[in-house]
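Let's take a walk through the contacts that hold our attention here, first inside one chain and then between two chains. Have the viewer open as you read.

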There are 2 protein chains.
Amino acid sequence: MIRLSQKVVETIVSQAFRDAGVRDEHVPFVVEGLLYASMRGIDSHGIRLGPTYLREIDGGRAVACPTLSWTERTPGVRCLDAGAALGMVAGRVAVRATEELAQRCGVGAVSVTNSNHFGAAGYYARTLAERGLVGIAMSNSDALVAPFGGTKPLWGTNPLSIAAPGAHGEIACLDMATSQTSYTKVRLAVRDQANVPRGWVYGQTGHTLEGIIEAGDISALAPLGGYKGHGLAMMVSVLCALLGNAPFDWDLTTLYEPPYDAPRKISHFFLGLDPRAFGHPNHVCGRVTELMNHVRNQPAASECSVRCPGDLEEEAMRDRSENGIPIPDDIFDWLRESDRDGTMASVRN
Amino acid sequence: MIRLSQKVVETIVSQAFRDAGVRDEHVPFVVEGLLYASMRGIDSHGIRLGPTYLREIDGGRAVACPTLSWTERTPGVRCLDAGAALGMVAGRVAVRATEELAQRCGVGAVSVTNSNHFGAAGYYARTLAERGLVGIAMSNSDALVAPFGGTKPLWGTNPLSIAAPGAHGEIACLDMATSQTSYTKVRLAVRDQANVPRGWVYGQTGHTLEGIIEAGDISALAPLGGYKGHGLAMMVSVLCALLGNAPFDWDLTTLYEPPYDAPRKISHFFLGLDPRAFGHPNHVCGRVTELMNHVRNQPAASECSVRCPGDLEEEAMRDRSENGIPIPDDIFDWLRESDRDGTMASVRN
């Protein structure tokens with residue numbers, strides 16, 4: 001696969017979103033969000049989403065220059081009607097507000113409604129941690145996951161991310177869907193006729209599938225670990241859609257399918273906690289790093305060492321910083337078409 | 001098994017904790033906490049803990065009349081040094097503060113350190129929901145759960161509960177350990193030589209055990225669903241022990257073993273969100289109930305219907321309200337010895 005440097009991708013994709021009418025101040029939110037995932041090996045949430053987001057703008061599902069409407073009733077909470085903004089614009093604006101509230105009250109919560117797909121939840125939690133806060137980010141999404149004991153999709157994969165600042169800029173970042181696995185992994189296993197582990201997907205009768213399976217066998221993704229993931233997915237939905245008075249997961253349209261001209265009304269929830277309010281800001285950072293190192297030094301069941309949440313992503317980032325981001329053919333074609341300034345050529349020469 | 005009514009158990013256990021020197025105002029916190037679990041079928045966290053808690057007071061690990069020290073640096077956060085209080089005393093006092101902060105700021109967080117075992121996390125999240133808030137409660141605990149890919153216990157079962165108020169007093173309440181299952185369930189399966197499902201426990205080499213197993217085969221509980229539960233356990237630890245500057249899970253002594261004369265220094269974290277701060281208080285309640293009913297009406301994979309978090313507990317509560325709480329022999333003996341006022345006899349006559 002062709003690899004392109006972060007800088008080249010950033011330049012071309014920024015131009016593409018500016019051309020689509022996204023405000024200059026908002027373009028970095030989107031491009032950094034896509035690159036956040038691409039650089040960390042989370043390709044399903046990386047720059048391959050670029051053309052989809054542009055299609056959403058083109059169709060009217062997403063608004064390039066959204067009207068952002070804030071409501072503040074209490075000192076620790078703000079609500080944002082994102083006016084059908086791109087999710088990464090809504091999310092980054094919400095993160096900034098979360099930070100302000102947490103600095104003011106020690107804890108701050110922001111509810112976002114009328115948004116779109118916001119990419120990797122870790123992008124937001126990690127940004128809060130980079131500002132010295134413990135950050136939490138979550139989003140509801142369209143129904144792909146069956147309830148425990150059910151047969152049909154009900155919940156979105158409803159991702160949840162929690163990040164905490166460590167010492168010397170290190171960050172502990174958990175970023176997980178509340179399903180056992182992602183559709184991307186299931187699709188790859190089905191395509192390659194590889195073994196699908198027990199607990200990943202339910203069949204049409206709601207029983208868990210296992211082994212070599214066909215796409216048509218699958219009814220829904222399974223919730224993480226059974227009823228607990230089912231409960232977590234429901235509570236992400238409560239915090240996002242119910243606090244915000246936004247549509248239920250099962251009333252949302254899907255990212256990759258029409259209608260592209262109707263708003264999706266995705267909702268998010270962000271929380272920030274300021275370690276200073278708890279009295280031990282430096283101690284927290286030092287002990288987060290101590291905790292992570294202790295985890296990594298645990299005796300391991302295989303030749304792989306025990307990892308902290310986010311460690312695999314950091315490994316991918318080191319590789320991609322050095323060797324570039326692997327670009328699938330269709331995305332390479334899109335980048336080449338979007339590259340009006342000859343950025344790719346200038347790098348090659 | 002003998003069954004006793006909630007009222008009889010409440011009367012005898014209240015007297016036992018008063019006799020142990022627990023303040024009158026704190027006794028209901030403990031007794032309601034134990035009965036919360038016993039009435040809902042969560043027997044591992046119910047009145048069978050009574051003698052253990054009393055032993056902790058007797059040994060000095062827990063303090064019957066604790067000095068509760070509060071620190072407040074910002075309007076939305078308070079920190080409580082619980083002075084080695086019983087966990088249920090510390091927890092309920094913290095819940096009251098969480099409620100005040102959430103009413104003031106829309107969101108409130110309370111960190112508790114120097115506490116003890118706090119029973120069922122749902123007791124606290126549910127109490128917050130009864131006051132109209134979305135409530136979150138968690139605690140760290142002594143190491144029983146291996147990290148994903150590890151071989152030895154590192155994390156506590158680090159329970160997490162999230163509850164939300166529905167219509168007509170109904171409450172959605174998720175209460176889960178971040179392990180795949182509890183040691184209680186594993187012990188019962190081993191005792192009965194029943195099948196242990198894949199994913200519950202790790203063996204001595206860190207590989208997952210399955211089928212009929214012996215107690216000696218087990219090295220650690222497995223984290224929920226693999227690496228995601230590992231990450232959740234770590235983040236519960238960050239929110240409880242690191243924000244509070246309290247001991248790591250792996251430095252905590254265990255509940256049922258000596259030393260009974262040294263403090264355990266368990267830490268908790270509570271969060272409350274006031275739906276009024278988000279602008280839709282009545283709508284939130286109505287839609288929580290709508291959400292729950294929609295879940296229950298989903299097509300089911302078996303003759304059991306699809307359930308919401310907390311539904312099984314509500315079923316147990318209906319049974320136990322009518323038929324009493326099943327009491328194991330050793331707990332019955334304890335209650336009889338503690339029953340100085342003849343409460344049991346007066347009920348039987």
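How many salt bridges are counted between domain 1 of chain A and domain 2 of chain A? The count is four. One to look up in the viewer pairs A:Glu32 with A:Arg92, where the closest N and O atoms are 3.1 Å apart. Please keep in mind that this is a predicted model.

**Inside chain A**

To place those two domains: chain A is split into domain 1 (1-59 + 310-349), domain 2 (67-177 + 225-309) and domain 3 (181-220). The C-alpha centres of domain 1 and domain 2 of chain A are 23 Å apart. Across this boundary, 27 residues of domain 1 of chain A touch 26 residues of domain 2 of chain A. Three residues, A:Phe29, A:Tyr36 and A:Asp311, account for 28% of the area that domain 1 of chain A buries against domain 2 of chain A, more than any other three residues.

On the polar side, eleven residue pairs are in polar contact across the interface of domain 1 and domain 2 of chain A, with both residues at pLDDT 80 or more. The elements of chain A that give two or more residues to the domain 1 side are helix H2 (27-39), helix H3 (50-59) and helix H9 (311-323). Of these, H2(A) gives the most, with eight residues. By residue class, the domain 1 side facing domain 2 in chain A has twelve nonpolar, seven polar and eight charged residues.

**Between chains A and B**

Now for the chain pair: 84 residues of chain A are in contact with 84 residues of chain B. On the chain A side, A:Lys228, A:Phe278 and A:Arg287 lose the most area to chain B, together 11% of what that side buries.

Salt bridges across the interface of chain A and chain B number zero, while 26 residue pairs there are in polar contact, both residues being at pLDDT 80 or more. Helix H7 (residues 227-242) of chain A gives the most to the side that touches chain B, with eleven residues. That side of chain A divides into 51 nonpolar, 24 polar and nine charged residues.

**Buried area**

The size of an interface is often given as the accessible area lost when the parts come together. Here are the values for both interfaces.

| Interface | Buried area and share on carbon and sulfur atoms |
|---|---|
| Domain 1 of chain A and domain 2 of chain A | about 2300 Å², 59% on carbon and sulfur atoms |
| Chain A and chain B | about 6700 Å², 73% on carbon and sulfur atoms |

Conventions:
Residues are numbered from 1 along each chain as its sequence is written. Chains are lettered from A and ligands numbered from 1 in the order in which they are written. This is a predicted model: local features need pLDDT of at least 70, side-chain atom pairs count only at pLDDT 80 or more; totals for chains, interfaces and linings use all residues. Side-chain values use heavy atoms; hydrogens and water are left out. Domain bounds come from an automatic or database domain assignment. Contact means heavy atoms within 4.5 Å. Buried area is the accessible area (1.4 Å probe) that two parts lose on being put together, summed over both. A salt bridge is a side-chain nitrogen of Lys or Arg within 4 Å of a carboxyl oxygen of Asp or Glu. A polar contact is a pair of N or O atoms within 3.5 Å; within protein, one must be able to donate a hydrogen and the other to accept it, and residues adjacent in sequence count only if both atoms are side-chain atoms. Helices (H or I, at least four residues) and strands (E, at least two) are DSSP runs, numbered from the N terminus. Ala, Val, Leu, Ile, Met, Phe, Trp, Tyr, Cys and Pro count as nonpolar, Asp, Glu, Lys and Arg as charged, and the others, Gly among them, as polar.
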